[in-house]
Amino acid sequence: MTNQGVDLLTINSGEAEQPFCYTVGLEGSKFLTEIRDNKRFVGIKCPKCGKVYVPPRKVCGPCFTEMTEWVPVKDEGYLHSYTILRFAFLDPETGKEKPVPYGYAFIRLDGADTDFQHYVEIKDEKKVKIGARVRAVFEEKRAGKITDVKHFVVID
Amino acid sequence: MAKEKTAIVATGQTHHRSSRLDVNGIELIHEAVTRCLEDGELTIDDIDAVVIGNMDHFEGINYVDTWSIDGSGAFMKPIIKVTTGGTTGSTVGHCGYHLVASGMFDKVLAIGWEKNSESDTTAAITTAFDPIWDRLVFAGAISGLAVEAMAYMVKYGATEKDAARVAVRDRKHATNNPYAQLRKEVSIEDVMNSPMLSDPIKLLDVCPRTDGACAVVFASEQYAEKICDRPAWIHGISAKHPYNYLGDYDWEDRLPSMQMASKELYAKAGIKEPLKEIDVMELYLPYSCAGLSWIEALGLCGPGQAPKLLWDGVTDMGGELPINPSGGVIATNCIGATALLRISEAAVQVMGRGGKRQVPDVNTALASGFGGCFWSDVTLLKSTKPK
Ligand SMILES: [Zn+2]
């Protein structure tokens, strides 16, 4: 690469913001309002393969079948896998650097067949292990958002 | 089934860098296309149709097919754009193959490109995932891959040092590739001592971000041998894109999509012992640990046995099955081009045009693509014509 004596310029896209307004859908809304109003998790079961999805959605992709059967799941489960995020990166949701470190967890709630993604508390890193039992901690004030769950804590 | 026997007859790529301020995206594409046409002694008039791909939200340019015409040479030609995440390049390649193999076109130009210097790659990758259920905790490619590595290491007892061996191999191989971005060797100690990004992945375990482009010409039987004296014939492809929510992934099962794709590909091509029957592989390994668990998924060895294969040098240059003579993704990662580079590099090996990175006597080569939500694409190329 040669600049041939020319100042090679870049142009910044500026401070423009374009916020999106995402539809949560019927199943997702029921899931989040159950957390908001009752501090409860619910899943949805595929009539064909029997898989219980958490978070719930309308269609089981592998079966291409609509789901309607609601199933209660616990606010406890185990760490299916996780990592501890340590590098600073730009959070596209806020436009700011995400506070690190944090525990990024895939939680298999009791009664579910898929993983729910959330924070796992990493105060004591030694306790954070694959297979560790975890429980949800809910926020006092809840707004129908995934952040109504504050995080999960290891209860082993 | 393919109607037309199809081969790759020409390839071209840019000299990949972390930032190419001397060319905009269109000009970057032009550089790869021009080199590809030169490789095949073709002109743009020889090209019947164009497929192009990148991750459009990385650059924030949403009509890449039309916007890029000056670079792609698609002026007044049929052109389509495809985007499938990390697999974009392999999808571009598979589309090029489909367009020729179906009998629709005789000579198709396939282009993958990315100018990763133009945005924040981790933030951009994060917006490729579900806004409600994935994004709160997801932190781009590294985070998901770290979760996968953690599950593999715990279940099979592989270590961070085993994974580092993969990075050492790919970075060493990259010194033979004049186009690679990172061309400096690293040691196991260098990898182990590099900063922890996301447990158990460290800085030197992962791919860089790159400005670069790649172009490939697919041709029908009628033209293939006229353009190239030793074309790389496509003997099969397979694409497995099983799901879209990260929470549905089977973390400890060693890339199920790759297991499915390679199984299907080997059945199509009649391959029973991939380690013995395939001469070289160009794999989309975006981080070191993938070079362990994913080669198990490819059937090169049993579960948990990949570390031994690595330490024994089986996958090094001069080994039984060299992997990534180009230096792979850990040395160069221009995302929309990355998986097409794997196909292109596999073709280069079959054509015998690899220069210092050439593996001797390559008759059979496999290329893989990885992306999306743990998706896999595979392509098998041979020096002999399919039956
Ligand atoms: Zn189902």
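This report walks through a zinc site, a helix packing and some backbone features in a predicted model.

## The zinc site in chain A

Start with the metal. Four cysteines of the protein hold the zinc ion as donors: C46(A), C49(A), C60(A) and C63(A). The angles among the 4 donor atoms run from 105 to 114°. The site is tetrahedral. For four tetrahedral donors, the ideal angle at a metal is 109.5 degrees.

Now look at the sequence. The donor residues follow the spacing C-x2-C-x10-C-x2-C. C46(A) and C63(A) are 17 residues apart, and the pair links distant parts of the chain. C46(A) sits in the loop between β1 (41-45) and β2 (52-53) of chain A. C63(A) sits in the loop between β3 (59-60) and β4 (65-66) of chain A.

Are these two cysteines buried or exposed? The cut-off for buried is under 20% relative accessible area. C46(A) has 2%, so it is buried. C63(A) has 18%, so it counts as buried too.

F64(A) has 73% relative accessibility and counts as exposed.

## A buried glutamate

E34(A) belongs to helix α1 (residues 25-38) of chain A. Its relative accessible area is 13%, so E34(A) is buried. What does E34(A) touch, leaving aside its neighbours within four places in sequence? The contacts are K39(A), R40(A) and V42(A).

## Two helices that cross in chain B

Move to chain B. Helix α7 (residues 140-156) packs against helix α13 (residues 290-297) of chain B. Their axes are 10 Å apart, and the angle is about 70°.

Which residues make the contact? From α7(B) come L145(B), E148(B) and Y152(B). From α13(B) come L292(B), S293(B), W294(B) and E296(B). The set divides into 4 nonpolar, 1 polar and 2 charged residues. In general, residues three or four places apart in an α-helix point the same way, because the helix has 3.6 residues a turn.

## How α13(B) is covered

Helix α13(B) is mostly covered, with 8 of its 8 residues buried. The buried residues include W294(B) and the charged E296(B). The cover includes α7, α8 (160-174), α11 (256-269), α14 (306-311) and β10 (364-371) of chain B. After the helix comes G299(B), with a positive phi near 80°.

## Cis bonds and another positive phi

In chain A, a cis peptide bond joins V100(A) and P101(A), with omega about 0°. P101(A) is in the loop between β8 (96-97) and β9 (102-109) of chain A. In chain B, a cis peptide bond joins D199(B) and P200(B), again with omega about 0°. P200(B) is in the loop between β5 (196-198) and β6 (201-202) of chain B.

M76(B) is not a glycine, yet its phi is positive, about 65°. M76(B) lies in the loop between α4 (69-72) and β3 (79-82) of chain B. With a relative accessible area of 77%, M76(B) is exposed.

Key
Residues numbered from 1 in each chain as written. Chains lettered and ligands numbered in written order. Predicted model: local features only at pLDDT ≥ 70, side-chain atom pairs only at ≥ 80, totals over all residues. Heavy atoms only, no water. Axes fitted to C-alpha atoms, helices over the stretch in contact; angles between N-to-C directions. Helix = DSSP H or I, 4+ residues; strand = E, 2+ residues; numbered from the N terminus. Contact = heavy atoms within 4.5 Å. Donors = N, O, S within 2.8 Å, 3.2 Å for Na, K, Ca; no water. Tetrahedral: all angles 85-135°; square planar, octahedral: opposite > 155°, others 65-115°. Buried < 20%, exposed > 50% of the residue type's maximum accessible area, 1.4 Å probe, protein only.
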